Amino acid sequence: MNDILCSTENGVMTLTINRPDKKNSLTLAMYKALADHLEQAQADAEVRVVVLQGHPQIFSAGNDIADFLSLSGSVQDSPITRFLRTVATFPKPLVAAVSGAAVGIGTTMLLHCDLVYASDTALFSLPFVDLGLCPEAASSLLLPQRLGHQRASAALLLGEPLSAQAALDAGLVNAVVPTEEVTALAQAQAQKLAAKPLGAVLETKRLIKEGQQQAVLTHMGAEEAVFGRLLREPAAREAFTAFLEKRRPDFRGL
Ligand code: COA
């Protein structure tokens with residue numbers, strides 16, 4: 001089965017995360033496929049908008065934990081970083097449709113999307129600290145800006161999830177609709193964008209992001225360095241092993 005589906009219609013490329021048996025967790029091969037498709041979308045004049053979506057029951061359970069355990073080489077050189085940097089600098093509009101859980105990178109990638117539509121089942125969580133890790137994708141910069149320091153700390157330090165309504169109230173999503181409507185809404189909004197003059201759309205997106213773009217990339221670099229170190233420390237190894245062994249992690253002494 002292809003874990004990343006790609007189709008293009010009427011100027012809209014739709015990328016579907018399609019690994020429901022593993023809760024749409026993302027493997028290195030899936031990050032590579034996503035980044036490849038985005039680069040192709042960037043280069044292809046026929047593609048004017050990209051939609052990212054998951055499965056009706058789950059957007060994404062985040063990074064594949066087994067891949068985290070076996071990752072060799074630096075995080076900076078990994079497909080994870082390539083994907084995140086591609087999303088963060090993607091020049092065409094990115095529209096997301098989110099149903100069910102969006103864990104870790106399932107949520108942080110959304111901070112770089114231009115329009116996000118969520119089903120009322122969407123649940124956004126950032127359990128980096130519980131995994132012995134730190135935030136990524138400039139989420140430690142962008143979430144405090146959007147949620148305020150205290151709510152960002154509850155999300156990032158305590159790992160408290162945000163409901164669809166909380167995400168709507170915080171401006172992380174544009175609208176919350178029933179699950180059966182979310183992909184159609186995202187597609188309709190993408191089609192509206194695809195019908196607009198491309199040059200004006202691209203310049204407007206660039207101008208919206210320009211004020212912060214360098215700060216976002218610099219912050220991502222700082223996070224990547226810490227993330228790469230923490231990934232190999234005992235707390236993260238214990239968290240990953242515990243998840244795979246279906247037991248609670250034991251952080252005593254760590
Ligand atoms: N990496 C690898 N496998 C994962 C996974 C992940 N991030 N998330 C889920 N899976 C796998 C499970 O191991 C399980 O595999 P199995 O059927 O071979 O045992 C399968 O997907 C179903 O997951 P399960 O936990 O039983 O589903 P659930 O409905 O009870 O819970 C989640 C769903 C998303 C809440 C839960 O799977 C979860 O917390 N996943 C980890 C999230 C995470 O920490 N991600 C990393 C963020 S940086």
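Guide: What follows describes the ligand site, then the other pocket and the cavity for context. The model is predicted.

The ligand sits in the largest pocket. There are 13 residues around the ligand, and those that come nearest are Lys-22, Ala-61, Asn-63, Ile-65 and Lys-246. By class, this shell consists of 6 nonpolar, 2 polar and 5 charged residues.

Lys-22 places a polar side-chain atom 2.6 Å from an oxygen atom of the ligand. Ala-61 uses its backbone instead: an N or O atom there lies 2.8 Å from a nitrogen atom of the ligand. For Asn-63, a backbone N or O atom is 3.0 Å from a nitrogen atom of the ligand. On its own the ligand would expose 870 Å², of which the protein buries 64%.

Turning to the pocket itself, the largest pocket holds about 630 Å³ of space. Its lining comprises 29 residues, with Ser-25, Ala-61, Asn-63, Ile-65 and Phe-243 closest to the centre. Ala-61, Asn-63 and Ile-65 are also among the residues that come nearest to the ligand. At least two lining residues each come from α2 (65-70), β6 (101-103) and α10 (234-244). The largest share is that of α10, with 4 residues. The lining of this pocket divides into 17 nonpolar, 4 polar and 8 charged residues.

The second largest pocket contains about 440 Å³ of space. It is lined by 20 residues, and Cys-113, Asp-114, Lys-205, Ile-208 and Lys-209 lie nearest its centre. Here α5 (139-147), α8 (179-194) and α9 each contribute at least two lining residues, and α9 provides the largest share, 8 residues. The classes are 9 nonpolar, 5 polar and 6 charged.

Helix α9 (198-230) also takes part in the lining of the largest cavity, where α9 and α3 (79-88) each supply at least two residues. The structure has 1 cavity of 30 Å³ or more, and about 90 Å³ of space lies in the largest cavity. Among the residues that line this cavity are Val-75, Ile-80, Leu-84, Glu-136, Met-220, Glu-223 and Phe-227. With 4 residues, α9 gives the most to that lining, which is made up of 6 nonpolar, 1 polar and 3 charged residues.

Key. Residues are numbered from 1 along each chain as its sequence is written. This is a predicted model: local features need pLDDT of at least 70, side-chain atom pairs count only at pLDDT 80 or more; totals for chains, interfaces and linings use all residues. Side-chain values use heavy atoms; hydrogens and water are left out. A residue is near a molecule or strand if one of its heavy atoms lies within 4 Å of it. A polar contact is a pair of N or O atoms within 3.5 Å; within protein, one must be able to donate a hydrogen and the other to accept it, and residues adjacent in sequence count only if both atoms are side-chain atoms. Accessible areas come from the Shrake-Rupley method with a 1.4 Å probe; for residues, only the protein chains shown count as cover. On a 1 Å grid over the protein atoms alone, a cavity is a set of points where a 1.4 Å probe fits but cannot get out, and a pocket is an open set with protein on both sides within 12 Å along at least five of seven lines; lining residues have an atom within 4 Å of a point. A molecule sits in a cavity or pocket if more than half of its atoms lie within 2 Å of its grid points. Ala, Val, Leu, Ile, Met, Phe, Trp, Tyr, Cys and Pro count as nonpolar, Asp, Glu, Lys and Arg as charged, and the others, Gly among them, as polar. Grid points are joined across faces, edges and corners, and a volume is the space filled by probe spheres set on the points.
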